[in-house]
Amino acid sequence: MHLLIDHQIPLADAFFAELGHLERVPGREIDASAAAKADILIVRSVTPVDEALLADSRVRFVGTCTIGTDHVDRRALEARGIGFASAPGCNAEAVVDYVLSSLLLVCERKGVALDTHRVGIVGVGNVGGRLHRRLAALGVECLLCDPPRAKVEGSDAFVDLDTLLEAVDIVCLHTPLVRSGAHATYHLLDATRIAALEPGTILLNAGRGDCLDGEALCERLEQHGDLTTILDVWEHEPAIDETLWRLVDIATPHIAGHSLDGKMRGTEQVYQALMEYLGLPLRHYLADLAPPPALPRLTLDAGYDVWEALRLCVRTCYDVRRDVDSLGRESRRQGMATGFDHCRAHYPLRREFSTLEVELKPGAAELAPWLTAVGFRVTMS
Ligand SMILES: NC(=O)C1=CN([C@@H]2O[C@H](COP(=O)(O)OP(=O)(O)OC[C@H]3O[C@@H](n4cnc5c(N)ncnc54)[C@H](O)[C@@H]3O)[C@@H](O)[C@H]2O)C=CC1
Ligand SMILES: O=C(O)C(=O)[C@H](O)COP(=O)(O)O
């Protein structure tokens, strides 16, 4: 069996090698001629999987080790009887870590505490739901918008998008890209909604770039400069709009979900689905393969107030400024599109907050609920 696998997929050898010949190729270089030799195709988000890619292939199973599936033409797969699996939720924790690192940073720059803001979460699935739980545990008031969930579960817990946009200080967009249908998300934040945002709003998009009209946002920022913006995802990646990029406060190259833990989970989820598809028993488990964290423990004693302690621990584990700086540096050095992809391909080690044990000395015991809320493992000494 010939397995064609994106070379950015960690633990690919450990999980898949015994199934046959592994060919590892950069995701953007997986084309029809590479696919023609493959039985199994395992990708991440940068490989469009469509009729053109599969037309001359004998591929019988496609797996994407990502949450998002908008790069996969599911109808084309179904028409060819090709099995499919994605990795729901695999890197949701990492995206929430990214959001918290970013929000703590912009609040620090503004000299305000996060819990003085009301946050609107648009798309309350694996990412948005986890974000809600962590923010609520920090005492941050949240409004939720998720029409597909509201339809199934009833609308009590949800508001509509325009109500949310009027009522919140921070908007966090975590929707999948859906181009048509009753709940389409293409340009969900369109020119009208972007123009209507209250001055001072903090706007974060870590869903998909096309869920937000980038040209309209650029226009608002150029004309008024009165929003604080955090963009991890962009239209036309990797050739993103440089004018918009310069205007955005926290600009990162689609790495919100790029923790090693999230990527490894994605590999395991697709491995499990492939083994089921092939009718084979599972032989490998992430719990046996994952490396221990390089930073296992941090110890705090008395002296920090709550928000200072949160910022310290968050930044020690994951500081979003590292990714902002690397996009700035690499885009200047290599041009925007190449620099954008370079940052993703050479992404440094990042572990999730849950891998860090924060040990509290007796004088710092009162920090326990806050650090737990953010996602760390807290112990007392
Ligand atoms: N920036 C990054 O690195 C990453 C981005 N993502 C993106 O985030 C998206 C969300 O991820 P998950 O929460 O894990 O997906 P999910 O499928 O668990 O949740 C998505 C939620 O959005 C809701 N939704 C759908 N249409 C909507 C609409 N029109 N308005 C409001 N809500 C709507 C769904 O009902 C669902 O509850 C993914 O589809 C992916 O595109 C995911 C991982 C990493
Ligand atoms: O899981 C998703 O959906 C994502 O957006 C991934 O974090 C994207 O990862 P790469 O495809 O950029 O490796």
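In what order do the six strands of the open sheet run, and is their pairing parallel or antiparallel? The order is β7-β6-β8-β9-β10-β11, and the pairing is parallel; strands count as paired if DSSP finds at least two bridges between them. This is a predicted model, in which local features need pLDDT of at least 70 and side-chain atom pairs count only at pLDDT 80 or more, while totals for chains, interfaces and linings use all residues. Residues are numbered from 1 along each chain as its sequence is written, and chains are lettered from A and ligands numbered from 1 in the order in which they are written.

**Confidence**

- The protein chain has a mean pLDDT of 98, with 100% of its residues at 70 or more, where pLDDT is the predictor's confidence in each residue, from 0 to 100.
- For the complex, the predictor gives an ipTM of 0.99 together with a pTM of 0.98.

**The sheet and the annotated domain**

- Helices (H or I, at least four residues) and strands (E, at least two) are DSSP runs, numbered from the N terminus.
- Strand β6 (residues 118–122) pairs with β7 in the parallel sense over five bridges, and I121 has L144 of β7 as its bridge partner.
- An unreviewed UniProt entry lists residues 110–256 as "domain: D-isomer specific 2-hydroxyacid dehydrogenase NAD-binding"; UniProt positions are given in the numbering used here, feature names are shortened, and annotations may be inferred rather than shown by experiment.

**Surroundings of the ligands**

- Ligand 1 is surrounded by 34 residues, of which the closest are G68, G125, N126, P176 and G257; a residue is near a molecule or strand if its C-beta atom, placed from the backbone, lies within 6 Å of it.
- Three helices, α5 (92–110), α6 (126–137) and α7 (147–153), each supply at least two residues of the shell around ligand 1.
- The shell around ligand 1 comprises 16 nonpolar, 14 polar and four charged residues, with Ala, Val, Leu, Ile, Met, Phe, Trp, Tyr, Cys and Pro counted as nonpolar, Asp, Glu, Lys and Arg as charged, and the others, Gly among them, as polar.
- Among the residues that surround ligand 2 are R44, S45, V46, N91, H254, H258 and R344, and its shell divides into two nonpolar, eight polar and two charged residues.

**The annotated active-site residues**

- The annotation "active site" in the unreviewed UniProt entry covers R208, E237 and H254, which are spread over 47 residues of sequence but cluster in space, with a largest C-alpha distance of 10.1 Å.
- R208 lies in the loop between β9 (202–205) and α10 (214–223), and R208 counts as buried because 26 other C-beta atoms lie within 10 Å; the cut-offs are 20 or more such atoms within 10 Å for buried, 12 or fewer for exposed, and partly exposed in between, with C-beta atoms placed from the backbone.
- Leaving aside neighbours within four places in sequence, R208 is in contact with G68, D70, P176, L177 and V233, a contact being a pair of residues whose C-beta atoms, placed from the backbone, lie within 7 Å.
- E237 sits in the loop between β10 (228–231) and α11 (242–247) and is partly exposed, because 18 other C-beta atoms lie within 10 Å.
- With neighbours within four places in sequence again left out, the contacts of E237 are G209, H254 and F340.
- H254 is placed in the loop between β11 and α12 (260–278), and H254 is buried, with 24 other C-beta atoms within 10 Å.

**Backbone geometry**

- Most residues other than glycine have a negative phi, and most peptide bonds are trans.
- The peptide bond from E237 to P238 is cis, with omega near 0 degrees, and P238 belongs to the loop between β10 and α11.
- H254 has a positive phi, near 55 degrees.
- H187, in the loop between β8 (170–173) and α9 (191–196), has a positive phi near 50 degrees, and H187 is partly exposed, with 18 C-beta neighbours inside 10 Å.

Note on methods
Two residues are in contact if their C-beta atoms, placed from the backbone, lie within 7 Å.
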